[in-house]
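Please brief me on this protein model. Keep it short, and group the points by topic.

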Amino acid sequence: MRRTRNDWDQWWTALENRVIQLIKSGERDLNRIILLSSFPNHLSLSDEFAQPERSQRIDDYIVDRQILRCHNYSYQAIRQGIRSARIQEIISACDRSTERIIELGAGYACQLFSIWLNGGPREAEYHAYEFSPKARNVAKIIKDTTGFSQLKIHDFDFYNPNLSNLDNKPTVVFTNYSIEGIPMIKPALIEAISQIPGLQKCIHFEPIGWQIKDTTWLASKNVFSALKNKSICKKIDFDTKRAYSNWANTNLYSVLEQMQKKRLIKIVKIIKNFNGRSCDVNGRSCYVPATLIIWQKNRESHT
């Protein structure tokens with residue numbers, strides 16, 4: 001279900017309260033604040049902010065284009081596993097020269113903090129571009145409390161992208177379920193990213209697998225396995241499109257594809273239905289996994 005601006009403001013306010021309570025309880029460690037604010041429980045927070053495990057159930061999840069049934073893993077374990085896989089893709093896109101990592105639609109910078117904590121470039125700058133003042137404030141509270149001075153926080157609007165204030169540094173950019181909330185992006189957004197001085201790669205984790213019609217990536221020497229994966233992906237595509245296409249992004253892949261045809265960018269990696277959790281829409285099971293797309297500016301471009 002689509003979250004409205006008011007829904008998000010309420011969510012960020014609740015998160016801010018959790019973070020403040022954690023800090024008041026004596027938490028100062030960045031890793032513990034990120035973990036405990038993401039997965040509140042009665043051991044770290046008062047009953048007012050605790051979330052019972054039964055309200056956080058996951059019946060199944062998606063890894064490597066497969067739907068896996070959850071029996072013994074907790075909600076927290078699955079969430080962390082899914083997050084870890086994405087973080088490692090971002091870290092892998094960096095190299096020893098990377099000096100800046102940018103997230104567009106960064107929320108409270110949880111992913112950025114986690115990248116650094118999980119082995120991201122130690123001395124790099126981490127930039128959180130976010131539209132919500134409430135989310136930016138939570139990021140600032142965590143930054144100030146933990147002394148994470150490498151984090152830079154910026155106001156950002158996907159409809160009016162301004163990335164012109166950046167100097168020339170080797171840079172990796174990513175989005176994580178943020179473009180999903182923009183029904184139709186403009187090529188200007190991708191152009192603005194491509195013009196970041198020193199851009200190395202841009203990574204998207206967005207639920208847009210259903211936008212990709214090509215199935216050659218499913219090729220397999222094992223015919224049965226290929227047919228099984230195609231069947232599974234067809235179901236995932238159907239459910240994701242049903243849940244998302246009426247309100248969420250419908251054109252990220254087509255914009256990237258058109259810009260590649262114009263030789264402005266080059267798509268270097270796609271993993272359709274990379275990973276994700278199941279959710280529930282009007283009482284029906286629904287799969288909305290992130291599809292991984294990595295692109296870079298085409299060196300042949302004259303722009």
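Where is Y177 found? Y177 sits in the loop between β6 and α6 (187-194). The model is predicted: local features need pLDDT of at least 70, side-chain atom pairs count only at pLDDT 80 or more, and totals for chains, interfaces and linings use all residues. Residues are numbered from 1 along each chain as its sequence is written, and side-chain values use heavy atoms, with hydrogens and water left out.

**Overall make-up**

- The protein has eight helices and ten strands. Helices (H or I, at least four residues) and strands (E, at least two) are DSSP runs, numbered from the N terminus.
- Of the 303 residues in the protein, 51% are buried. Buried means under 20% relative accessible area, exposed over 50%, and partly exposed in between (1.4 Å probe, protein chains only).
- Take the contacts in the protein with a separation of 6 or more: residues 24 or more positions apart account for 78% of them. Contact means heavy atoms within 4.5 Å.

**Helices α2 and α4**

- The axes of α2 (residues 30-38) and α4 (residues 110-117) come within 10 Å and cross at roughly 135°. Axes are lines fitted to C-alpha atoms, for helices over the stretch in contact, and angles run from 0 to 180 degrees between N-to-C directions.
- The two helices, α2 and α4, are therefore oblique to each other. Angles under 35 degrees count as roughly parallel, over 145 as roughly antiparallel, 65 to 115 as roughly perpendicular and the rest as oblique.
- From α2, the contact is made by L30, N31, I34 and S38; from α4, by C110, F113, S114, W116 and L117.
- The residues of this contact of α2 with α4 comprise six nonpolar, three polar and no charged. Here Ala, Val, Leu, Ile, Met, Phe, Trp, Tyr, Cys and Pro count as nonpolar, Asp, Glu, Lys and Arg as charged, and the others, Gly among them, as polar.
- α4 is mostly covered, with six of its eight residues buried. Those buried residues are C110, Q111, L112, F113, S114 and I115.
- After α4 comes G119, with a positive phi near 105°.

**Nonpolar cores**

- The largest nonpolar core has 39 residues, and L112, I142, L151 and I203 have the most contacts inside it. A nonpolar core is a set of buried Ala, Val, Leu, Ile, Met, Phe, Trp, Tyr and Cys residues joined through side-chain atoms within 4.5 Å.
- Helix α5 (residues 133-146) gives the most to this core, with five residues.
- I142 is in contact with V19, L30, I33, I34, Y108 and F113, leaving aside its neighbours within four places in sequence.
- Another core, of 29 residues, lies apart from the largest one; among its residues are F156, V173, I182 and I293.

**V173 in strand β6**

- V173 is in strand β6 (residues 171-176). V173 counts as buried because its relative accessibility is 0%.
- Beyond its neighbours within four places in sequence, V173 is in contact with I102, L104, I193, I196, L199, K201, C202 and I203.
- V173 and I193 are 20 residues apart in sequence, and 7.8 Å apart in space, C-alpha to C-alpha.

- Y177 is not a glycine, yet its phi is positive, near 50°. Y177 counts as partly exposed because its relative accessibility is 21%.
- N273 is not a glycine either, and has a positive phi of about 55°. N273 lies in strand β8 (residues 265-281). N273 counts as buried because its relative accessibility is 1%.
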